[in-house]
Amino acid sequence: MYGDLEQILLQLTQPDNAIIQQATAQLKLAFKDPAIIPALCAVMTGSQNAESRQSAAVMLRMRVKKHWKKISPDHRESLKTVVLQAFQQETEHTVRHSLSQLSAVMVKHETPDRWPALFTLLNESITSANPTDRQVGLLLLSKVVESNPESFKPHYRQLLQRFAVILQDLENPTALYYCILTLTSMTAYTGSEEMNLMRPLVPKLITALKHLIMADQVQASEAMEVLDELMESEVSIIVPHVPDIVHFCLEVSADTTLSDSIRVKALSCIASLIRLKSKVVLKQKLLNPILQTLFPVLSAEPPPGEEDPEDDENSNEDDTDSESPKHYAAQVIDTMALHMPPGKLFPQLMPLTEACLASENPYKRKAGLMCLAVLAEGCADHIRTKMLSSMLQTVCHCLSDSNQVVRSASLFALGQFSEHLQPEVSKYCAELMPLLLGYMSALNQAKIGHVTKAFYALENFMENLGPEIEPYLPTLMETMLSALNNADNLKLKELSVSAIGAIANAAKEKLVPYFPPVIESLKGFLVDTRDEMRSLQTQALDTLSVLARTIGKDMFSPLAAECVQLGLNLSNAIDDPDLRRCTYGLFSAVSTVSPDCLKPHLTAITTIMLLSLKSTEGVTAHLEEDKTFVLLDDDDDDEGDAILDDEGTNTVEPDITGFSVENAYIDEKEDACDALGEIAFNTGASFQPFLESCFSQVYELCNFPHEDVRRAAFGAMGQFCRAQHKVWLENPTEANHQALQKLLGVVLPSFLETVRSERERQVVMGVLEAMNGVLKSCQGEALQSPERLKEISQAIRDVLKKKTVCQDGEGDEADDDEQQAEYDAMLQEFAGEGIPILASAVPADIFFPHLNELLPLIMNKAKSSCTVADRSFSVGTLGEILQSLVTVSGGRAVAGRLSNRLLPVLVAGVRDSDAEVRNNSVFGLGALAQAAGPLVAQDYPMMLSLFSNLLSKEQDRRVIDNLCAALCRMIMSHMDGVPLEQVFPALMARLPLKEDLEENKTVYTCLAMLYSQSPAMVVSQLVPILSASCHVLGSKDLDNETQNTLVVLLRDISQRHSQEFQGAVGSLPAEQKTTLTTMVTQS
């Protein structure tokens, strides 16, 4: 058989398809014979032809990988011997490589302890005096360890000691390369006993990488993965060496003679270090050297005759996120903004940025603008409160720069500001809208790449304008509709459709006059099946979803059923993840307006979405296969090539060297989770038959490799709990109650474990938000399990004390000045929001011991040295907690017990320089009075004096509104403590409320109560009362219940005190007279 087999293998390498097919057929026959194993072994060791030896090794590997159990024990043993023999005598690198891969597959079945000869050979070769033997031994070692790292754990100490020597063999780059690859595979499995041996290897690793870069940049780039692996798995190993790693990476990043890919690798390494260990980077004074290296990279000019990808009109705009050093340098600054305190970052960053902005060189000006743009997300509070005006001025000045590269960058910066610096940036509407509309007026003349950036800026700015958009609506909609109807360029139509979505978010019902032509255009796009329409269709679906949520139920409901059908038709006709994702968004939006339209289609909708959640499309396993033998991948037996064969659990996966995930499929999974959660909640009982299958599929995604999908999965799980709770409330059967408790029993422990152990801060924020949503909806039902209240309180405490994994788990460290990154503060805010929700869910005395532990952590953030955001959060949370105590049993007693601790904090807050802090503190004092009532009677004079003082000089309308509401709460809670003769007229003089319209309910409820107790006092202030009432009667500024209370009150006054009433009405303007008379006389 040996001779025939060798002949067949030789034929497989011929450049003739007919010969290859004939050889393949013969080989399939040969594979039916059990003697195939020894025959392949004979070719592998005895053939004179290197290609045949390699082919035999590959065939054996495919056989072993799929059918190890079917190989007889004798053949297995001889194979173990022959492989090592072949490896020792082989001289060709390609064959050795295939032999090492064969060994790697065998190690998955035959662990090192069952194959002692393997470890003996490895030991001998990697300690050999011969450099080639060491290379070959390390090649084999890297493959077998990568294949089954855990099984080598008993040998880690010995290997690490050996690596300390090998890493100094700087003249042998191949040995360094395979040594580092092995170390990379081991890192995730090292325990504390190996740590001490790994730590001193880091400096040697860096030196080895430097030498490897000189020898082979491709290998060096792959070997640099070891730094990522160390950071992700065992970051404590590298902490002492952070300066060395940073300086090495900076050296590589700055070296323009090196390839882009290795420079990008170095920059992404720096970004990872900042993400995981920003405090160490700052303490070691590495921020300045990093910035000094980044700026030349960020401002580098492209080669003569070329442009940066994002400025190149001919490049595909979807590919502009290029893996260039310049792009990654901006990402490093973005990472700094997200993970460093602005107070530490800005003093070092801004001088460099300002120097760039003042430069004659357009690429330096562009770098300065890119820098401002990427700061907006992570340092939003700092910029909004301290430097927004000057930064906007800079960006607007650059919008009219003579160089288009600079103008494009300023549009990008303006888009980033508009997205992240709300609401303050919208206040510059009068200055910015004319500039942006100027860009729109030249739509057809401009280059589409530049227009895309103008639309990005305009959309982000418009989306958040709210009612302020009204004066610009005619111009905007005329521009967009004209582009939809006349533009030849599909990209321009797509941009206009997207912009209409942004306009709708701001204009809401004001867009109604333009609705018919918009809908006609969108429908036209959605029924056109040409391939080139795909992007436009995707955008049309997105905009349709926005319209469903914003245009008003009456306008959209008649279209709802047709929209659902359109979405289903598209997802059945076209296989495209982006398109499917947008249909899910549309179904979800329709469920908020007209859930009944969705109910008949739930089977079809959930089927498509579940397929998206299960799909592994777009997740590519990188296989280390020899592509030559694809023909044989359906090798022998009737089982064909199924990896899941009849050996079940003993199946061996392919040789996976990593995963890559395509963004479109990630987005599809993320949006499917979001949509399923919302649809489940909105369709209620109709969703019940699908809840279990959807839940189990979403639950599996909690461990998905990409954090956005994990976050969305947790969000959907929270929505499923809320949906089940709503179903139980509507139909309180025992079965529905048990289903709710079963769901909560899985979801809440999963949330709590994730808060503790998840590494990605964004995911933990999402989980805390989802948990708050579940607690708010389900209240005490979520806390039925005996330990649940304690566990949730403990999780909140851990986040507030910075003890979770995503906070670098150090906890309680005495920060020299308590500065932290804004997103770290935001994470703590999400946790803090859970405290008032818990306080409203259980009797006050049960929650008090937990509240007692949490309060100091909240009050700590009210100190004057803390940021405005922290102070505002602190007093705001205290106010919300007190508000919660108003409605729960035992709340008054607990509020009374807390008053002495909370009063000083809230009183100091009322005197704060920041309006939002004053506002929240005023609200907190009102809530304290409402919750504790007579128990704080002795503090009323001090509070009234404080309020009186504030009222005389306060300029901020929201603070004034909250002052009015706080006084009302004091009156309702303990009327005897308030000198009404002085307070009531002053209070009425400040009406109507202008900003915090939710407090109208408090004010008019108080008014009704006062009238029942002291009608004469209310009648004495009839003119301001009636004038204020005209502003809220019949408007959305007052809920229905309070509207009714107010109308009943006014009718009673008009009947009992008709003379005074008529007199007061007579003093009002004509329009107000009509409003009042109509409301009071209606039956």
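Modeller: Start with Cys-968: its closest cysteine sulfur sits in Cys-1006, 3.9 Å away, and that's too far for a bond. The cut-off for a disulfide is two cysteine sulfur atoms within 2.5 Å. Bear in mind that this is a predicted model, where local features need pLDDT of at least 70 and side-chain atom pairs need 80 or more, while totals for chains, interfaces and linings use all residues. Residues are numbered from 1 along each chain as its sequence is written, and side-chain values use heavy atoms, with hydrogens and water left out.

Cys-968 also counts as buried, because its relative accessibility is 1% (buried is under 20% relative accessible area, exposed over 50%, partly exposed in between, using a 1.4 Å probe and protein chains only). Now try Cys-396: the closest cysteine sulfur belongs to Cys-398, but 9.3 Å is too far for a bond as well. Search the whole structure and you get 0 disulfides.

So what else is inside? The largest nonpolar core has 385 residues; such a core is a set of buried Ala, Val, Leu, Ile, Met, Phe, Trp, Tyr and Cys residues joined through side-chain atoms within 4.5 Å. Helix α17, residues 260-283, gives the largest share of this core, 13 residues (a helix is a DSSP run of H or I, at least four residues, numbered from the N terminus). Phe-163, Ile-290 and Phe-720 touch the most other members. Zoom in on Phe-720: leaving out residues up to four places away in sequence, its contacts (heavy atoms within 4.5 Å) include Leu-676, Ala-680, Phe-687, Cys-694 and Leu-743.

Notes: Helix = DSSP H or I, 4+ residues; strand = E, 2+ residues; numbered from the N terminus.
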